[in-house]
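Student: Hey, could you walk me through this structure? I'd like to go piece by piece.

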Amino acid sequence: MKKSDWYKYGWSLDIKNHSWTEDTENQVDFVIKALDLAGGEKILDLACGYGRHSLAFARRGFTVVGVDITKEYIDDAIFNARKESLSADFYHNDIRGIDYLEKFDVVLNLADGAIGYLENDAENLKIFDVAARTLKSGGKHFIDVCNADHAERFFPKKNWEAGKKSLALAQFDWDSKTRRMKYGGWSIPFGKEAEPPQINMDEINPTRLYSLEELRTIYARRGMKIISSYSNYYGKEATEKELQLLVYSHTKGVKIHVTTRGRDGYKVVGEQQPLQTTSELSSFFRSIVD
Ligand SMILES: C[S@@+](CC[C@H](N)C(=O)[O-])C[C@H]1O[C@@H](n2cnc3c(N)ncnc32)[C@H](O)[C@@H]1O
């Protein structure tokens, strides 16, 4: 096995027992709210794993296509979609091999979505190319990755997190020259005799991380723009103090709803391009007052 190929191997359904897969319903609720989804949009879930988000979106009425390089995950996702008669299709493929002609309202790369996993910087950027290419005009991209600014400032570090089924231990290293993170994980299932953690950082394959500023440039080069960024699925704004970086961007043509508050609550009174700069904001407010 070539080391730079690591992303193709070693994925198993055992991740269903890992604490990082526990928050799926809340994550889906958050994405719907943050992206102002109406329901029924067509969603492409890149590196969908065993389809935990895709299936949850399909249960809420969205039409979903999931793609993943791990066959065992795709088989499991297909099985569960059929069992529940959901509007969700799953394909065993490398993200870079996607050649659908259809376009999507939303593209997702969640829990990394394989961003930063690939052989080199040029290959990693192809994931953003796929997102830009598969989105309709005005389509929305949402990614959940680790923040390079956090790694730069706070790594190396160790972390532990208690899930419902296990205690997750993590160790992080950072190479600031290549901007790659090494993440070593160890899971201790509750109710079983604990084994001593064995994390050999020398054997771990690195992941390329991006800062919010790098992502801004990456999106701009693809005609896209960042709308908002967060550091968790509860809406906390992105900060280098937090490892997680959630970014919502769009292709040209996206509209946001303009609402006013009257006696009966909030009412949508129009649509508007998202406002990014203070001058855009002040001219928008001037136009309302005028
Ligand atoms: C950390 S998991 C996240 C899976 C899923 N998004 C989730 O939240 O459960 C990363 C996933 O990336 C997939 N993957 C890695 N490289 C890929 C590639 N080049 N194309 C498609 N999937 C890939 C793996 O098979 C794995 O399912």
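Tutor: Happy to. Keep in mind that this is a predicted model. Let's start with H3, where the face turned away from the buried side carries the exposed residues Lys71, Phe79, Arg82 and Lys83.

Student: Okay, and which residues of H3 are buried?

Tutor: Tyr73, Ile74, Ala77 and Ala81. Looking down the axis of H3, you'd find these buried residues within an arc of 95 degrees, so they line one face of the helix.

Student: What do those buried residues pack against?

Tutor: Their packing partners are H2, S2 and strand S3, which covers residues 88–92.

Student: And what span does H3 have from its first C-alpha to its last?

Tutor: H3 takes in residues 71–83, 13 residues in total, and reaches 18 Å, close to the 18 Å expected at 1.5 Å a residue. After H3 comes Ser85, with a positive phi near 50 degrees.

Student: Switching to the ligand. Which residues come nearest?

Tutor: There are 21 residues around the ligand, and the nearest of them are Ala47, Gly49, Ile69, Thr70 and Ala111. Two elements each give two or more residues to that shell: helix H2 (52–59) and strand S2 (63–68).

Student: How does the shell divide into nonpolar, polar and charged?

Tutor: Twelve residues of the shell are nonpolar, five are polar and four are charged.

Student: Now the strands. In what sense do S6 and S7 pair?

Tutor: Antiparallel, over six bridges, with S6 at residues 157–162 and S7 at residues 166–175. The two are joined by a hairpin of three residues.

Student: How many bridges join S7 to S8?

Tutor: Ten, and these strands also run antiparallel, with S8 at residues 180–189. Here Gln171 stands opposite Gly184 in S8.

Student: And which residue in the hairpin of S7 and S8 takes a positive phi?

Tutor: That's Arg179, with phi near 60 degrees; this hairpin has four residues between the strands.

Student: Last one, zooming out. How many helices and strands are in the chain?

Tutor: Seven helices and 13 strands. The chain has 290 residues, and 31% of them are buried. As for contacts between residues at least 6 apart in sequence, 62% join residues at least 24 apart.

Conventions. Residues numbered from 1 in each chain as written. Predicted model: local features only at pLDDT ≥ 70, side-chain atom pairs only at ≥ 80, totals over all residues. Near = placed C-beta within 6 Å. Nonpolar A, V, L, I, M, F, W, Y, C, P; charged D, E, K, R; others polar. Expected span 1.5 Å × (residues − 1). Buried ≥ 20, exposed ≤ 12 C-beta atoms within 10 Å, placed from the backbone. Arc of directions from axis to C-beta. Contact = placed C-beta atoms within 7 Å. Pairing = 2+ DSSP bridges.
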